[in-house]
Amino acid sequence: MAAEVLVLVEHAGGEPDELSLQALALARAYADGLGGAVSALLIGRGAAGAAGVLGVHGAALALVAEHEALEDDTRFAPDAWAASLCELIARRSPAAVVAAGSDRGNEVLARAAARLDQPMAANCLAAAAVGEGARVTRLRWGGSLLEEAELDGVPALLTVAPHAVATQRLDAAAAAVESFTPALREEDLRVAVRERVAAPGGGVSLADADVVVSGGRGVGSAEGFAAIEELAALLGGAVGCSRAVTMAGWRPHSDQVGQTGTKIAPELYIPCGISGATQHMAGCKGAKHLLAVNPDPEAPILASADYAVIGDLHEVVPAINAAIRKAREAR
Amino acid sequence: MNILVAVKRVPMTGGRIVLRDDRQEIDTRHLGFTISPHEECAAEEAVRLIEAHGGSSTVLTLGPPEAEEQLRDALAVGVDRALHLVSDGEEWDPQATAAAIVAAIAAERDAGTRYDLILFGNESADAANFQVAMRVAAALALPCVSGVKAISLDGGRIRCEQEVGGGRDVYELELPAVVAVKEGLNLPRYPSVPGRLRAKRKPLEASSPQRPGARLRKLELALPPGSGKQARILGSGADAAGAVVEVLAELGLL
Ligand SMILES: Cc1cc2nc3c(=O)[nH]c(=O)nc-3n(C[C@H](O)[C@H](O)[C@H](O)COP(=O)(O)OP(=O)(O)OC[C@H]3O[C@@H](n4cnc5c(N)ncnc54)[C@H](O)[C@@H]3O)c2cc1C
Ligand SMILES: Nc1ncnc2c1ncn2[C@@H]1O[C@H](COP(=O)(O)O)[C@@H](O)[C@H]1O
């Protein structure tokens with residue numbers, strides 16, 4: 001039997017998630033190394049709709065788990081997902097199982113790994129089968145460090161680092177779709193979402209903002225953020241901060257950019273009074289342009305900056321705000 | 001109630017990571033050490049829950065002899081006692097780490113301490129395997145929620161909130177349970193001087209488990225390619241504002 005690589009594909013609104021398409025691309029490369037095929041597991045309402053388009057992303061077969069306990073995405077039950085995945089693994093003996101390195105992908109694969117007592121490598125950039133195992137390149141420290149690692153056993157359980165692997169479009173037929181009903185036990189439904197509370201709307205979300213203006217320890221106080229807020233507002237952007245700021249209680253953690261905060265990917269990132277610790281930079285690698293404001297020309301942040309203003313943010317930022325206003329009035 | 005918190009000692013890397021020549025580890029000769037912010041929040045939450053509901057909190061680490069520093073840090077912010085699984089200094093893979101933690105929990109149970117709540121960080125700061133909590137929960141047949149940013153206790157149940165796109169998912173679990181948390185759960189307190197003095201006298205029990213063979217083996221570390229960027233200095237102080245506006249115009253943001 002040809003080797004199979006099984007991919008857990010997350011989806012919403014009848015469309016596969018971008019991160020899952022990236023996982024499919026890594027799975028495709030893994031399967032190619034074995035001369036094998038890729039199949040996908042989809043769970044929950046809308047799965048069948050999202051399944052067909054997976055063909056061009058390299059999946060020949062889409063397996064849709066159908067069970068009333070899996071229908072409603074607002075009642076997500078992670079152990080039931082892991083049980084469904086493990087049932088397919090038992091039935092199909094894949095060479096590898098791949099998921100996106102999303103919150104859900106990591107958590108479901110970790111639960112499956114625990115059930116199977118198999119090793120799992122999270123946030124891989126590349127992976128290939130080697131004997132009864134796999135060799136992977138994975139991210140540590142939120143992406144600040146790469147690790148070459150070896151993993152024992154089949155199936156190799158892998159998640160794929162977000163936005164690190166390019167998605168592919170092949171000239172291929174739609175995936176064949178088959179459904180199955182996993183045998184879920186009561187314990188599999190013990191952990192399930194009870195209620196989804198909508199986020200308070202309004203404002204530009206940090207993760208999606210086109211411009212982010214952040215302040216660090218150099219801001220000196222909560223009040224010191226007034227000029228930074230003004231600059232963000234002038235540019236239609238969001239305010240961010242470093243962990244030094246959240247720990248001081250000047251801003252809420254929801255503003256924190258970094259490894260243990262929010263990952264941002266704006267057109268322009270303006271860190272003011274931020275030194276550029278690796279854990280901060282782990283959150284803003286996706287920024288297209290970076291303009292640093294810092295009095296220290298040796299600050300590590302400058303090594304990642306496209307533009308820099310050397311100076312005290314309390315002078316520089318208000319001056320920028322005034323200059324923007326003036327430039328806009330002149331037009 | 002009894003709460004256990006698992007933390008891992010990691011280097012504080014600052015602005016630039018330097019690897020050892022053998023590329024097996026970060027060069028830590030000039031670095032301090034800490035734990036993940038997620039784990040700091042876990043320890044803070046344990047202290048708050050015990051303050052509110054009574055009982056005792058315990059911090060556990062699997063790490064080298066020096067990791068006693070991180071245990072004392074947790075004791076200094078109010079955790080009651082510590083368990084040190086003293087390692088040989090090698091990093092244990094996630095399966096071995098989980099097995100050692102499970103064995104320690106079993107030994108505690110045999111000695112009369114049963115944990116109602118076991119708190120983890122969502123992922124370790126350095127290895128970021130995203131799995132030790134789920135492995136421990138599975139081995140103990142306990143319910144587990146990860147990525148948790150708010151916790152409240154109501155009798156024998158725990159309510160956990162997880163951030164998801166567009167809102168928060170709420171879970172309710174029967175205790176005993178395993179919960180992996182993220183920074184933002186609370187604002188951890190800084191250790192006070194009296195807290196540090198008290199921490200020196202709090203009980204710390206050490207044991208030395210044997211490291212099993214690794215099934216996820218680190219071969220080598222590497223630094224990702226640098227940005228290759230050379231910052232264009234737009235000027236100094238307020239005088240640079242005009243040049244900044246020009247850049248904004250170039251980027252179509254004006
Ligand atoms: C596991 C782990 C996870 C972490 N996660 C995160 C995270 O998610 N996000 C994060 O940000 N940090 C994180 N950190 C903390 C990180 O290591 C740094 O401690 C933190 O980013 C430093 O914040 P800062 O740059 O504001 O402060 P500092 O490093 O103290 O830098 C302050 C900067 O301000 C400049 N400055 C001073 N005065 C002025 C002025 N008047 N005008 C302009 N500039 C001025 C200084 O030159 C300096 O460069 C994490 C740490 C660990 C160990
Ligand atoms: N060596 C260790 N000692 C104690 N706890 C650990 C250790 N390694 C991991 N953990 C715990 O498990 C969590 C998840 O780790 P990981 O699966 O490596 O991402 C961490 O945040 C810690 O709470």
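S39(A) stands opposite L61(A) in β5(A). This is a predicted model, in which local features need pLDDT of at least 70, side-chain atom pairs count only at pLDDT 80 or more, and totals for chains, interfaces and linings use all residues. Residues are numbered from 1 along each chain as its sequence is written, chains are lettered from A and ligands numbered from 1 in the order in which they are written, and side-chain values use heavy atoms, with hydrogens and water left out.

Stay with this sheet in chain A. Strand β4 (residues 37–43) is joined to strand β5 (residues 59–65) by 6 bridges, and the two run parallel. Strands here are DSSP runs of E, at least two residues long; helices are runs of H or I, at least four residues long; both are numbered from the N terminus. Two strands pair if DSSP finds at least two bridges between them. Strand β1 (residues 4–8) of chain A also runs parallel to β4(A), with 5 bridges. There, L6(A) stands opposite S39(A). Strand β4(A) is mostly covered, with 6 of its 7 residues buried. Buried means under 20% relative accessible area, exposed over 50%, and partly exposed in between (1.4 Å probe, protein chains only).

Now turn to the interface. Contact (heavy atoms within 4.5 Å) takes in 84 residues from chain B and 81 residues from chain A. The two chains bury about 6800 Å² between them, 56% of it on carbon and sulfur atoms. Buried area is the accessible area (1.4 Å probe) that two parts lose on being put together, summed over both. In chain B, R215(B), K229(B) and L254(B) lose the most area to chain A, together 9% of what that side buries.

K229(B) also forms a salt bridge with D306(A), the closest N and O atoms being 3.1 Å apart. The rule asks for a side-chain nitrogen of Lys or Arg within 4 Å of a carboxyl oxygen of Asp or Glu. It finds 9 salt bridges across the interface of chain B and chain A.

Strands cross the boundary too. Strand β12 (residues 193–198) of chain A and strand β9 (residues 167–174) of chain B run antiparallel, joined by 5 bridges. In this pairing R196(A) stands opposite D169(B).

Two buried residues show contacts across the boundary. R111(A) is found in helix α5 (residues 103–116) of chain A. It counts as buried because its relative accessibility is 5%. Leaving aside neighbours within four places in sequence, R111(A) is in contact with P78(A), D79(A), A82(A), M134(B), C144(B), V145(B) and S146(B). L248(B) is in helix α6 (residues 241–250) of chain B. Its relative accessible area is 1%, so L248(B) is buried. Not counting residues up to four places away in sequence, L248(B) touches L235(A), L268(A), I324(A), L253(B) and L254(B).

Finally, consider the backbone. Most residues other than glycine have a negative phi, and most peptide bonds are trans. The peptide bond from V154(A) to P155(A) is cis, with omega near 0 degrees. P155(A) lies in the loop between β9 (145–152) and β10 (156–160) of chain A. In chain B, a cis peptide bond joins L175(B) and P176(B). W141(A) is not a glycine, yet has a positive phi of about 50 degrees. W141(A) is buried, with a relative accessible area of 4%. R23(B) is not a glycine either, and its positive phi is about 55 degrees. At 34% relative accessibility, R23(B) counts as partly exposed.
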